[in-house]
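Please read this briefing alongside the sequence and the 3D structure. The points are grouped by topic.

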Amino acid sequence: MIDDTDRSIPARLLRVAAAHPDQEAVVDGEIRITYARLATAIVQATRSALAAGILPGDRAAILAPNGYRWILAALGILGARGVVVPVNTRFKGAEAADVLARSGARILFTDNDFLGIDFAQLLAEHTAALPEPIRVVVMNGPAREDVPWHRYLGDGRLVAESAATARIASVGPDDPCDILFTSGTTGRPKGAVSTHGRLLRLYDDWSDIVGLRSGGRQLVITPFFHSFGYKAGWLATLLRGATVVPMAVFDVDTVLATVERERITLLPGPPTLLQDLLDSPDRDRYDLTSLRATVIGAATIPVDLIRRLRDEMTFTTVLSGYGLTETNGPASLCRADDDLDTIAHTAGKAMPGTEIRIVDGNGTELPPGAHGEIVIRGYHLMTGYLDDPVATAAAIDGAGWLHTGDLGRLDERGYLMITGRMKEMFVVGGFNVYPAEVEELLLGHEALARVAVVGLPDTRLGEVGMAFVVPRPGATVTADELITWARARMANYKAPRYVEICPALPTNALGKIRKDELLARGLSRADAAHRR
């Protein structure tokens with residue numbers, strides 16, 4: 001789909017808008033924006049960014065929930081040849097201030113009326129951490145001494161339209177377009193830098209595989225500060241001339257009503273989201289027959305979840321995949337004709353133009369079936385970590401391979417199975433245990449909906465496994481029953497020694513399980529048992 005005019009994201013979107021002027025681009029509650037209006041808004045937002053003083057290469061941060069103003073702010077920054085810095089809305093003031101300071105953001109777009117949180121006020125308490133004052137534009141809520149959204153847009157009238165279109169035309173495929181900071185689960189968050197050309201090619205490939213095309217309608221619940229909500233979410237949707245429907249807060253009834261009202265065709269998300277939809281007692285009250293595709297991001301997916309999505313609903317495409325901030329999203333993805341077991345038990349095969357290998361501790365490639373570290377090479381890797389050449393060199397070796405820190409194996413077909421983080425692997429009596437493998441085996445129990453496994457210290461064996469499990473609605477099972485069941489179906493060293501039945505597992509904003517919290521719970525339990 002890329003042609004000579006597709007030098008940048010805004011250039012592509014202006015071309016798409018010209019081809020589909022009457023098609024809806026963004027639907028956010030009562031706000032409905034056609035592609036003709038989107039084209040006008042891109043130029044207007046670029047004029048506003050120029051009026052705000054954004055120069056080529058300047059960074060501008062967005063700390064706000066999903067919504068059409070997030071999209072317009074980002075497109076204006078990109079049109080001005082600036083760099084978008086999404087900020088995690090779960091961050092506390094000090095964490096957000098750290099990202100702003102390290103990114104060198106000159107302007108911040110934020111929201112002062114989201115779930116009772118006043119982001120500008122949170123940051124005001126940490127301005128000393130910023131090297132210089134930052135201009136704050138408030139997209140929703142009281143602005144106080146900051147700049148309200150309407151004034152920011154109005155200031156764009158001071159810049160000629162021709163200046164905005166000229167700036168957009170100057171943006172090139174190798175220009176940086178965004179800096180996404182890692183989750184920080186393995187240390188201080190690092191800013192991964194990407195470019196326009198990388199994203200255009202990657203999300204053309206992604207959309208081809210997923211089946212996203214003009215006329216499709218994607219409901220985006222994953223936060224825009226994450227590549228799954230931003231890049232695979234609203235950006236991929238607009239690049240295809242489809243309709244993006246952003247949602248700021250997940251609520252089952254609201255999702256069901258929105259799917260019916262907006263005739264949603266694509267609904268990606270973590271297993272918890274889809275499980276909640278399937279188990280909703282009100283599901284049959286809504287017409288959900290427009291749903292066609294979903295992409296599930298998780299190391300382990302219950303086979304029964306995929307089967308139910310196909311049998312009880314109208315999903316014809318259910319895919320799983322694997323990606324990182326450093327790969328700008330997907331590195332591997334299943335294909336539409338893959339069988340149920342492949343989708344449930346693997347993260348698919350490499351994206352086009354991407355290589356995936358499994359290597360040992362010396363960097364030597366391992367054969368199919370062998371466990372090792374996952375390394376990735378391809379056109380869509382980040383250009384590097386922001387202002388951190390040491391960390392960049394540690395992550396991407398001299399041959400261009402990104403060392404992910406994730407463990408996995410490849411089958412004979414080249415399909416990838418994730419077995420956990422290198423730091424999550426634990427050793428039971430000298431045997432390596434990979435949490436994702438044990439989780440997959442436990443999910444074979446008909447009573448279980450979700451499973452998470454961590455390793456706990458043990459005086460005799462070094463470490464042993466503990467499983468936290470969530471039963472399916474209406475199902476009952478005891479810890480002893482599960483331990484007995486597991487020992488009959490997996491090697492003794494893999495079977496968990498402890499099981500805790502939970503109503504839910506702790507997750508972050510993306511629906512990923514917080515294993516650090518589970519580990520702390522497990523350690524506390526082990527300590528209490530030791531004291532007894």
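**Briefing**

Helix 15 (residues 435–442) is largely enclosed by the rest of the structure, because 6 of its 8 residues are buried. Buried stands for under 20% relative accessible area, exposed for over 50%, and partly exposed for what lies in between (1.4 Å probe, protein chains only). Helices (H or I, at least four residues) and strands (E, at least two) are DSSP runs, numbered from the N terminus. The model is predicted: local features need pLDDT of at least 70, side-chain atom pairs count only at pLDDT 80 or more, and totals for chains, interfaces and linings use all residues. Residues are numbered from 1 along each chain as its sequence is written, and side-chain values use heavy atoms, with hydrogens and water left out.

**Buried helix residues**

- The buried residues of helix 15 are Pro435, Ala436, Glu437, Val438, Glu439 and Leu442.
- Helix 7 (residues 161–170) has Ala164, Arg167 and Ile168 buried.
- These residues are on the same side of helix 7, because they cover an arc of only 100° around the axis; the arc is that of the directions from the helix axis to the C-beta atoms.
- An α-helix has 3.6 residues a turn, so residues three or four places apart point the same way.
- Exposed Ser162 and Ala169 sit on the face of helix 7 turned away from its buried side.
- Helix 1 (9–19), helix 2 (35–51) and helix 3 (68–79) are what the buried residues of helix 7 pack against, where contact means heavy atoms within 4.5 Å.

**Nonpolar cores**

- The largest nonpolar core has 101 residues, and of these Ile62, Phe109, Trp206, Trp234 and Leu238 touch the most other members.
- Helix 3 gives the most to this core, with 9 residues.
- Another core, of 25 residues, lies apart from it and has Phe91, Ala97, Ala120 and Ile134 among its members.
- A nonpolar core is defined as a set of buried Ala, Val, Leu, Ile, Met, Phe, Trp, Tyr and Cys residues joined through side-chain atoms within 4.5 Å.
- Not counting residues up to four places away in sequence, phenylalanine 109 touches Ala60, Ala61, Ile62, Leu63, Ala73, Ile77, Val137, Met139, Trp149 and Tyr152.

**Helix 8 against helix 9**

- The axes of helix 8 (residues 196–210) and helix 9 (residues 227–239) cross at roughly 80° and come within 10 Å. Axes are lines fitted to C-alpha atoms, for helices over the stretch in contact, and angles run from 0 to 180 degrees between N-to-C directions.
- The two helices, helix 8 and helix 9, are therefore roughly perpendicular to each other (65 to 115 degrees; under 35 is roughly parallel, over 145 roughly antiparallel, and the rest oblique).
- Helix 8 makes the contact with Leu199, Leu200, Tyr203, Trp206 and Ser207, and helix 9 with Ser227, Tyr230, Lys231, Ala232, Leu235, Ala236 and Leu239.
- The residues of this contact divide into 9 nonpolar, 2 polar and 1 charged. Ala, Val, Leu, Ile, Met, Phe, Trp, Tyr, Cys and Pro count as nonpolar, Asp, Glu, Lys and Arg as charged, and the others, Gly among them, as polar.

**Loop residues**

- Arginine 81, in the loop between helix 3 and strand 4 (83–86), has phi near 70°, a positive value in a residue other than glycine.
- Arginine 81 is partly exposed, with a relative accessible area of 27%.
- Arginine 263 lies in the loop between helix 10 (252–262) and helix 11, and its phi is positive, about 50°, although it is not a glycine.
- Arginine 263 is partly exposed at a relative accessible area of 30%.
- Aspartate 287 is in the loop between helix 11 (271–279) and strand 12 (293–296) and touches Glu260 and Arg263, not counting residues up to four places away in sequence.
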